[in-house]
Amino acid sequence: MASPIYRRGDRKSDSLVRLLGVTKTYKQPDNYNIRVLDDINLEIRPGEFIALLGPSGSGKSTLLRIITGLSTPSYGTVLYRGQPIEGPNPHATMVFQSFALYPWLTVQQNVELGLVAKGVLPQQRRQRAIELIDVIGLNGYEDAFPKELSGGMRQRVGFARALAVDPELLCMDEPFSALDFLTAENLRSELLDLWLESRIPTRAILMVTHGIEEAVYMADRIVILSKNPARIVADLPNLLPFPRNRKSTEFVQMVDQVYKIVTGWDEEDEDDLDTAELASPSQGGEARPRLRPIPYGHISMLSGLLELVSDRGGHDDLYRLGAELLLEVDDLLPVTETAELFHLAEVREGDLFITELGQSFVEQDINERKAIIRDQLKDIPLFRMITRVLASKANHAMNKEFFNDILEEHFSLEEAEHQLMTAINWGRYADIFHYDTDTEQLYLDEDQTGDPIPAETQDS
Ligand code: ADP
Ligand code: MG
């Protein structure tokens, strides 16, 4: 394959993209604003391959859309080569997780799309598309339709389409996460080869991912976002030489280092609010105290994790635990955060340590376990609010919708639903309240009402 070699030899000081104080808020149906991105300052220079890591829902896709000009910041400035971006940035393209191919167009036609939009003549379009289809290893499939291709092949078309327009900046939004393990691994190393050998004219790559290993394997700079709202909590160079070996000590150390930052990102800066304040939020527009979100850890996962750590002698490396439980960091973190919230475990420098309470949780039967969780839930404002509302009703019951409304004052619609479903999962486990899925009613367990317990139900 005789593809040209492109030079990226810019002075590193020239910046391609500069974000200055970029903030993004979304208006909720009730007119309140939810702040998703908060004061993001970021510079992307030619020659850089940046991985953007962060928990799901933190605002990674939003940031990518702002950088490509598909969305505008609420405050702050986005400069491309020193000029403010107005509308879609013609020098940037995006590869999506979901391939986003047109099913009625052939591979070749899909790849040509971006060139059509640029007004490139048909003859040149065809030639460029054929070259790119060759570069990404799909020659012979020019006339195939997307439905005839495997997921991996479709994503190759996605890459070819993005690369066909010779973008200076290639943005990728979790491009490998919908692919099976081997396909993803192949595509990663092929894309990396194209980039490292300068066989594509792309000047910089920005890849959103939630895979720490993927970031350490591919990128030479790793930017880590927090959540609610997203701020940059770390910006690390990754100087490991290529080709990178996932088993090397240096690689494992780098993964560990990133893990430590990722697990330490919840700064204790929001004071927990008084429950009265939660149920009757302040009036008016922008600024408003926010309820501290609870992590989405499922109790069954929590038990599994604690049992495993206990078996390991009481502590283990988070990264290894994640690998063993086949959990991505996105799935493991809410569980470790839940363990910390309940004082069952502590995360220190990338290791999870079981606490005395956690150890007794592991050793107890189900009823004792429930009692431990019940005890912990009493200190959580969201639970105090729910139980107080339920206790104040004569029938000790309330529509789920009512709590949704309260939570939507503090979170986006989607987040409010997640928060409430997690709260319901924990509360049901701990026998604090019950939830009837048909009527969508929450009601307080008799033992929690403070009412005298009828004799006949006392030991049921
Ligand atoms: P990520 O890509 O990190 O998972 P997103 O950027 O997709 O996160 O979303 C960040 C937050 O912004 C989420 O809470 C999401 O619900 C909210 N959000 C994203 N797009 C919109 C929109 N168009 N309107 C309202 N809220 C949105
Ligand atoms: Mg996303």
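Buried means under 20% relative accessible area, exposed over 50%, and partly exposed in between, with a 1.4 Å probe and protein chains only. Keep that scale at hand for the tour. The model is predicted: local features need pLDDT of at least 70, side-chain atom pairs count only at pLDDT 80 or more, and totals for chains, interfaces and linings use all residues. Residues are numbered from 1 along each chain as its sequence is written, chains are lettered from A and ligands numbered from 1 in the order in which they are written, and side-chain values use heavy atoms, with hydrogens and water left out.

**Whole chain**

Start with the cartoon view. The chain has 16 helices and 16 strands. Helices (H or I, at least four residues) and strands (E, at least two) are DSSP runs, numbered from the N terminus. Of the 460 residues, 52% are buried. Take the contacts between residues at least 6 apart in sequence: 70% of them join residues at least 24 apart. Contact means heavy atoms within 4.5 Å.

**Stop 1**

Select His343. It sits in the loop between H11 and strand S12 (345-348). His343 is partly exposed, because its relative accessible area is 47%. Its phi is near 60°, a positive value in a residue other than glycine. Most residues other than glycine have a negative phi, and most peptide bonds are trans.

Go on to His396, in the loop between H14 and strand S14 (397-399). Here too phi is positive, about 55°, and the residue is not a glycine. His396 has a relative accessible area of 12%, so it is buried.

**Stop 2: two cis bonds**

Show the backbone from Asn228 to Pro229. This peptide bond is cis, with omega near -5°. Pro229 lies in the loop between strand S9 (221-225) and S10.

Now select Phe242 and Pro243. The bond from Phe242 to Pro243 is also cis, with omega near -10°. Pro243 belongs to the loop between S10 and H7. Leu239 is in the loop between strand S10 (232-237) and H7. Leu239 is exposed, because its relative accessible area is 75%.

**Stop 3: aromatic rings**

Display Phe, Tyr and Trp side chains. The whole structure holds 8 aromatic pairs. Rings (for Trp, the six-membered ring) pair if their centres lie within 6.5 Å; planes under 30 degrees apart count as stacked, over 60 as edge-to-face and the rest as tilted.

Zoom to Phe49 and Trp195. Their pair is edge-to-face, 6.2 Å centre to centre with 85° between the planes. Phe49 is in strand S3 (residues 49-53) and Trp195 in helix H5 (residues 181-196), so the pair ties together parts 146 residues apart in sequence. Phe49 and Trp195 are both buried.

Next, Tyr259 and Tyr319. Their ring centres are 5.6 Å apart and their planes are at 55°, so this pair is tilted. Tyr259 is in helix H7 (residues 249-263) and Tyr319 in helix H10 (residues 318-324), 60 residues apart. Tyr259 is buried, because its relative accessible area is 4%.

**Stop 4: charges over rings**

A charge sits over a ring if NZ of Lys or CZ of Arg is within 6 Å of the ring centre and within 35 degrees of the ring normal. Select Arg246 and Tyr217: Arg246 lies over the ring face, 4.2 Å from its centre. For Lys370 over the face of Tyr429, that distance is 5.7 Å.

**Stop 5: helix on helix**

Show H7 and helix H11 (residues 329-341). Their axes come within 11 Å and cross at roughly 50°. Axes are lines fitted to C-alpha atoms, for helices over the stretch in contact, and angles run from 0 to 180 degrees between N-to-C directions. H7 is therefore oblique to H11. Angles under 35 degrees count as roughly parallel, over 145 as roughly antiparallel, 65 to 115 as roughly perpendicular and the rest as oblique. Tyr259, Val262 and Thr263 of H7 meet Val329, Leu332 and Leu333 of H11.

Move to helix H14 (residues 381-392) and helix H16 (residues 413-429). They pack at about 75°, with axes 11 Å apart, so they are roughly perpendicular. Which residues of H14 make the contact? Leu382, Phe383 and Ile386 do, against Gln419, Leu420, Ala423, Trp426 and Gly427 of H16.
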